[in-house]
2 protein chains.
Amino acid sequence: MAENAGPAANETLLFLTDDQIRKGIEAMFFAYRGFTADPDRILAVQGYGRAHHRAMHFINRSPGTTVNNLLAILGVTKQSLNRVLRTLIEDGLVRSEVGTRDRRERHLYLTDAGAALEHELSTAQRDRMRAAFRQAGPEAVAGFRRVLEAMMDGDMRRHYVRFRETDS
Amino acid sequence: MAENAGPAANETLLFLTDDQIRKGIEAMFFAYRGFTADPDRILAVQGYGRAHHRAMHFINRSPGTTVNNLLAILGVTKQSLNRVLRTLIEDGLVRSEVGTRDRRERHLYLTDAGAALEHELSTAQRDRMRAAFRQAGPEAVAGFRRVLEAMMDGDMRRHYVRFRETDS
DNA sequence: CTTGGAATGTCAACAAGGCTGACATAAATT
DNA sequence: AATTTATGTCAGCCTTGTTGACATTCCAAG
């Protein structure tokens with residue numbers, strides 16, 4: 001792994017003190033609340049929760065994905081996901097199609113109504129993220145991404161990278 | 001607020017495209033899982049959850065804090081927090097002392113056992129954060145913090161800043 | 001071809017931890 | 001004395017995690 005070999009390597013190690021790390025941890029905690037606040041507000045009105053948002057986000061990202069696939073990405077049990085999917089399907093936001101090649105699989109798509117809600121949610125979340133990005137500047141954003149990627153578990157990083165490379 | 005006025009301002013606006021923002025959103029989602037994974041594993045063994053971790057973290061950060069104070073930081077209802085605090089007090093991890101100046105208040109402290117568990121949890125979390133910081137480098141870390149701070153809600157930023165400036 | 005296992009998805013029941021509402025108590029404030 | 005504030009508690013609800021049991025479908029070994 002290519003270690004950072006910048007100038008004044010001795011001095012810059014200050015960024016690894018427990019105190020700096022602790023600040024990072026608290027920043028992560030408080031920021032994540034902001035990250036989910038806007039979609040949560042919208043969802044509460046409709047009687048949905050964060051789990052519905054996550055499902056719709058990733059169905060939108062890869063239409064036709066299977067339940068199993070979604071399971072691996074979301075990192076929950078199939079039973080948990082199923083409850084969420086059931087309500088989304090009942091409410092006409094998600095469409096589930098039996099696979100043609102393998103009839104055990106269900107391929108998931110957003111309906112028009114589902115796409116509309118997903119768009120509303122993701123717009124709210126994107127607006128805040130965009131404001132933060134603009135305020136912090138492009139170099140900060142690059143660093144933000146770099147740290148987050150290094151923080152992911154191996155499995156999650158695989159999913160993330162797969163998405164990152166899709167339709168770059 | 002001082003807008004970024006770096007060189008090639010035209011070109012660098014590319015970092016604000018919807019696609020870049022979406023990558024940031026997904027990075028945040030996947031990274032937060034890694035962020036909580038290690039403490040969650042430890043907590044599961046003891047029958048506690050993330051809520052207990054958060055309470056202990058902030059009691060450790062400001063010993064003697066009141067219930068009301070903790071409520072504002074954690075952003076939950078008193079009923080929710082009380083359930084968690086009750087079990088922590090019953091199990092001898094947290095001590096609650098009636099205030100001397102204002103006897104309505106309860107001041108919260110970690111017991112030795114509580115401090116030990118808190119330390120175990122925060123060590124696990126810090127280790128991962130430190131690894132990510134080291135891998136990403138000091139400039140990336142600065143950017144990471146900058147973006148997260150810009151992402152916080154106003155109230156949360158107030159709490160964060162208060163902590164950040166305490167015993168810097 | 002049949003049969004047994006593996007993969008996939010569904011239903012039921014439970015627990016953690018959010019939430020609201022109502023209420024009690026004690027202390028401080030007016 | 002009356003009101004407000006800080007805290008705790010009870011009851012009940014919702015979302016979203018969990019396990020266990022089960023149905024369906026596919027595939028591969030006999």
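This briefing covers the contacts of DNA strand C with the protein and the interface of chain B and chain A. The model is predicted. DNA strand C is surrounded by 24 residues, and 62 residues of chain B are in contact with 62 residues of chain A.

**Surface near DNA strand C**

- The closest residues to DNA strand C are N68(A), K78(A), N82(A), R54(B) and R83(B).
- By class, this surface holds 12 charged, 9 polar and 3 nonpolar residues.
- Sugar or phosphate accounts for 56% of the atoms of DNA strand C within 4 Å of the protein, and bases for the rest.

**Phosphate contacts**

- In the side chain of R103(B), an N or O atom is 2.9 Å from a phosphate oxygen of DNA strand C.
- Helix 4 (67-74) and helix 5 (78-90) of chain A, with helix 3 (50-61) and helix 5 (78-90) of chain B, each give two or more residues to the surface near DNA strand C.

**Interface of chain B and chain A**

- The two chains bury about 6,700 Å² between them, with 70% of it on carbon and sulfur atoms.
- F15(B), F30(B) and M151(B) supply 10% of the area that chain B buries against chain A, more than any other three residues.
- There are 8 salt bridges across the interface, and D18(B) and R130(A) meet in a salt bridge at 2.6 Å, N to O.
- Polar contacts link 16 residue pairs between the chains.
- Helix 2 of chain B gives the most to the side of chain B that touches chain A, with 19 residues.
- That side of chain B divides into 31 nonpolar, 18 charged and 13 polar residues.

Notes: Residues numbered from 1 in each chain as written. Chains lettered and ligands numbered in written order. Predicted model: local features only at pLDDT ≥ 70, side-chain atom pairs only at ≥ 80, totals over all residues. Heavy atoms only, no water. Near = heavy atom within 4 Å. Polar contact = N/O pair within 3.5 Å; in protein donor to acceptor, adjacent residues only side chain to side chain. Helix = DSSP H or I, 4+ residues; strand = E, 2+ residues; numbered from the N terminus. Nonpolar A, V, L, I, M, F, W, Y, C, P; charged D, E, K, R; others polar. Contact = heavy atoms within 4.5 Å. Buried area = accessible area lost by both parts, 1.4 Å probe. Salt bridge = Lys/Arg side-chain N within 4 Å of Asp/Glu carboxyl O.
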